[in-house]
Amino acid sequence: MHTPRRRSTRPEAPPRLRRYRRRAAGVVRMLLALVLAGGAYTLFAPAAQAQEEPGMSAAAAEGEALFEVGCITCHGRSAGGVEGRGPSLINVGGASVEFQVGTGRMPLARQEAQAQRKPPLYTDEQVRQLAAYIDSLGVGPVVPDNVDELVDDADLARGGELFRINCSQCHAFGGGGGALSSGKYAPSLYPASDRIIYAAMLSGPQNMPIFGDSTLIPEQKADVIAYIQQVIQTDHDPGGFNLGRYGPSTEGLAIFLVGIVALVFASLWIAGKS
């Protein structure tokens with residue numbers, strides 16, 4: 001015998017209330033989905049970021065400690081610069097640090113037209129550490145580690161040609177340097193090491209132009225360095241007395257004076273015989 005299904009005696013909710021319930025359920029489901037997505041991102045994103053962005057190297061960490069002791073007064077925290085004292089070093093690169101600190105120009109003794117070369121206050125290793133720290137703060141030129149290998153395989157003849165075209169106007173043909181405008185000068189190249197010369201070409205200190213890799217490729221830079229070190233710095237003058245290596249000016253003056261004196265004595269000798 002079929003028993004008839006009993007109808008629920010519970011009254012149905014009004015249509016407006018049912019719509020509100022459906023909307024509330026949708027909002028709750030959306031909030032739960034957002035919470036789950038946020039939790040998943042929190043769990044997995046930091047690990048991925050740690051893999052993509054490695055921390056500061058040991059050399060850079062040592063350089064940061066040196067910077068906070070000797071450089072922070074003028075260049076500020078995180079090398080952001082201090083107005084009236086020192087510029088920002090962000091995106092400067094390690095090459096500039098190697099030149100300025102490696103030659104003793106920095107720390108600066110006093111404000112003047114041009115930083116003077118003096119005995120460096122830091123060792124070569126400390127200079128590399130400071131350069132690594134500054135290089136970690138942005139994108140800038142860096143002296144390659146294989147400079148010695150490049151110089152060993154360099155072409156002296158091509159280096160001499162490049163030096164006479166690009167460098168002799170300021171540093172003179174003999175590398176002794178020369179005066180520039182506004183109290184500045186091109187320094188002598190005699191005490192410069194291979195890394196210092198390479199760093200100067202990359203960073204362009206003072207009035208020196210920048211010789212980036214688009215201007216002189218690394219092999220050409222090495223040719224110039226080899227010419228400076230093996231020809232100019234060796235102080236070998238097979239032609240005789242170098243007259244200070246100031247170039248054709250002193251040679252012309254010496255020839256003129258010797259020639260005039262010889263002509264005077266020749267004239268007196270001829271006059272005495274006539």
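The structure is a predicted model in which local features need pLDDT of at least 70 and side-chain atom pairs count only at pLDDT 80 or more, while totals for chains, interfaces and linings use all residues. Residues are numbered from 1 along each chain as its sequence is written, and side-chain values use heavy atoms, with hydrogens and water left out. Helices (DSSP runs of H or I, at least four residues) and strands (runs of E, at least two) are numbered from the N terminus.

**Largest pocket**

- The largest pocket holds about 650 Å³ of space, where a pocket is, on a 1 Å grid over the protein atoms alone, an open set of points where a 1.4 Å probe fits, with protein on both sides within 12 Å along at least five of seven lines; the volume is the space filled by probe spheres set on the points, which are joined across faces, edges and corners.
- Its lining (residues with an atom within 4 Å of a point) comprises 29 residues, of which His75, Pro87, Leu89, Gln100 and Met106 are the closest to the centre of the pocket.
- Two or more lining residues come from each of helix 2 (58–70), helix 3 (72–75), helix 4 (94–102) and helix 5 (124–135), and helix 4 gives the most, with four residues.
- The lining of the largest pocket divides by class into 16 nonpolar, 10 polar and three charged residues, where Ala, Val, Leu, Ile, Met, Phe, Trp, Tyr, Cys and Pro count as nonpolar, Asp, Glu, Lys and Arg as charged, and the others, Gly among them, as polar.

**Second largest pocket**

- The second largest pocket has a volume of about 510 Å³, and of the 31 residues that line it, His171, Pro187, Leu189, Ala200 and Met208 are the closest to its centre.
- Helix 7 (156–166), helix 8 (168–171), strand 2 (185–186), helix 9 (194–203) and helix 10 (218–232) each give two or more residues to this lining, and the largest share, four residues, comes from helix 9.
- By class, this lining has 21 nonpolar, eight polar and two charged residues.

**Helix 4 with helix 9**

- The axes of helix 4 and helix 9 come within 8 Å and cross at roughly 125°, the axes being lines fitted to C-alpha atoms over the stretch in contact and the angles running from 0 to 180 degrees between N-to-C directions.
- That angle makes helix 4 oblique to helix 9, since angles under 35 degrees count as roughly parallel, over 145 as roughly antiparallel, 65 to 115 as roughly perpendicular and the rest as oblique.
- In the contact (heavy atoms within 4.5 Å), Ala95, Ser96, Glu98, Phe99 and Gly102 of helix 4 meet Arg195, Ile196, Ala199, Ala200, Leu202 and Ser203 of helix 9; these residues divide into six nonpolar, three polar and two charged.

**Helix 9 with helix 10**

- The axes of helix 9 and helix 10 come within 10 Å and cross at roughly 130°, which makes helix 9 oblique to helix 10.
- Asp194, Ile197, Tyr198, Met201 and Leu202 of helix 9 meet Pro218, Lys221, Ile225, Ile228 and Gln229 of helix 10, a contact with seven nonpolar, one polar and two charged residues.

**Helix 4 with helix 5**

- Helix 4 and helix 5 pack at an angle of about 145°, with their axes 8 Å apart.
- Gly94, Val97, Glu98, Val101 and Gly102 of helix 4 meet Val127, Arg128, Leu130, Ala131, Ile134 and Asp135 of helix 5, and these residues divide into six nonpolar, two polar and three charged.
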